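Please look first at the whole fold and then at its parts, in the order in which the paragraphs below take them up.

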Amino acid sequence: MPLDCVCNQTIEPPARRSGGAWAEARLKSLNITLPADAAPAANFVNSAQSGKLLFLSGNTAGPAWVGKGKLGKDLTVEQGREAARQAGLIMLTKIRTALGSLDRVKRVVKVLGMVNSAEGFGDQPLVVNGFSDLMVEVFGEAGRHARSAVGMAGLPANSPVEVEMIVEFE
């Protein structure tokens with residue numbers, strides 16, 4: 001069976017994963033409980049499907065997330081990583097809602113991480129690693145993705161991080 005290659009990293013095809021319920025079983029083994037799904041806060045949809053790609057709208061760590069503000073001024077890199085991970089949990093919920101199961105995800109294709117950054121802050125990639133690490137925890141090699149991590153002058157509700165993503169599914 002051929003292997004896909006992204007960023008000089010070999011990605012194991014889903015057929016080689018251990019069983020059909022791999023991602024959902026992995027969540028349980030990691031003791032990860034996903035948050036409840038929520039409707040969009042404005043005039044957009046949480047996800048849109050085109051062919052075998054699912055495009056997910058940007059998500060923050062949510063309104064209940066207590067850490068607000070700019071990285072490099074109000075928050076540490078570690079606090080930003082945790083906010084990015086929380087945004088990832090919310091996005092996993094939205095994938096499950098759209099597809100019925102995380103097991104349908106063939107791979108995470110592309111991630112855009114936006115970091116609310118103070119002037120001179122340059123550790124956006126370290127912050128967005130909180131999201132990327134979660135995707136690899138849940139999907140294994142299929143969770144590795146192309147990614148951009150950029151600094152922003154501000155984000156909705158003064159959130160530290162917003163992430164959007166594209167996944168391929170079966």
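The expected span of a helix is taken as 1.5 Å times one less than its number of residues, and helices (H or I, at least four residues) and strands (E, at least two) are DSSP runs numbered from the N terminus. The model is predicted, and local features need pLDDT of at least 70, side-chain atom pairs count only at pLDDT 80 or more, while totals for chains, interfaces and linings use all residues. Residues are numbered from 1 along each chain as its sequence is written, and side-chain values use heavy atoms, with hydrogens and water left out.

The protein chain has 3 helices and 7 strands, which follow one another along the sequence in the pattern β-β-α-β-β-α-β-α-β-β. Of the 170 residues in the protein chain, 43% are buried, where buried means under 20% relative accessible area, exposed over 50% and partly exposed in between, with a 1.4 Å probe and protein chains only. Contact means heavy atoms within 4.5 Å, and among the contacts in the protein chain with a separation of 6 or more, 80% join residues 24 or more positions apart.

For helix α2, the 23 residues should span 33 Å at 1.5 Å a residue, and the end C-alpha atoms are 32 Å apart, which agrees. K94 lies in this helix α2 and, at 6% relative accessibility, counts as buried. Leaving aside neighbours within four places in sequence, K94 is in contact with D37, A38, N46, L56 and N59. Just after α2 comes G100, which takes a positive phi of about 90°.

The same test can be applied to helix α3: its 16 residues should span 22 Å at 1.5 Å a residue, and its end C-alpha atoms are 23 Å apart, which agrees. G130 is itself one of the buried residues of α3, which are Q124, V127, V128, G130, F131, S132, L134, M135, V138 and F139. An α-helix has 3.6 residues a turn, so residues three or four places apart point the same way. The buried residues of α3 pack against α1, α2 (77–99), β5 (105–116), β6 (146–152) and β7 (161–169). Just after α3, G140 has a positive phi of about 65°.

How do α1 and α3 lie relative to each other, and at what angle do their axes cross? The axes of helix α1 (residues 22–29) and helix α3 (residues 124–139) come within 7 Å and cross at roughly 110°, where axes are lines fitted to C-alpha atoms, for helices over the stretch in contact, and angles run from 0 to 180 degrees between N-to-C directions. The two helices α1 and α3 are therefore roughly perpendicular to each other, given that angles under 35 degrees count as roughly parallel, over 145 as roughly antiparallel, 65 to 115 as roughly perpendicular and the rest as oblique. On the α1 side W22, A23, R26 and L27 take part, and they meet E137, V138 and F139 in α3. The residues of this contact of α1 with α3 divide into 5 nonpolar, no polar and 2 charged, with Ala, Val, Leu, Ile, Met, Phe, Trp, Tyr, Cys and Pro counted as nonpolar, Asp, Glu, Lys and Arg as charged, and the others, Gly among them, as polar.

Apart from neighbours within four places in sequence, V138 is in contact with W22, A23, R26, L27 and L92. V138 and I32 are 106 residues apart in sequence, yet their C-alpha atoms are 9.4 Å apart in space. In α1 the buried residues are W22, A23, E24 and L27, and what covers them includes α2 and α3. N31, which follows α1, has a positive phi near 55°.

Strand β6 contains A149, which is partly exposed with a relative accessible area of 24%. Not counting residues up to four places away in sequence, A149 touches G113, Q124, P125 and V128. In the loop between β6 and β7 lies A157, whose phi is near 55°, a positive value in a residue other than glycine, and A157 is exposed, with a relative accessible area of 64%. N158 is also placed in the loop between β6 and β7; its phi is positive, near 60°, and at 39% relative accessibility N158 counts as partly exposed.
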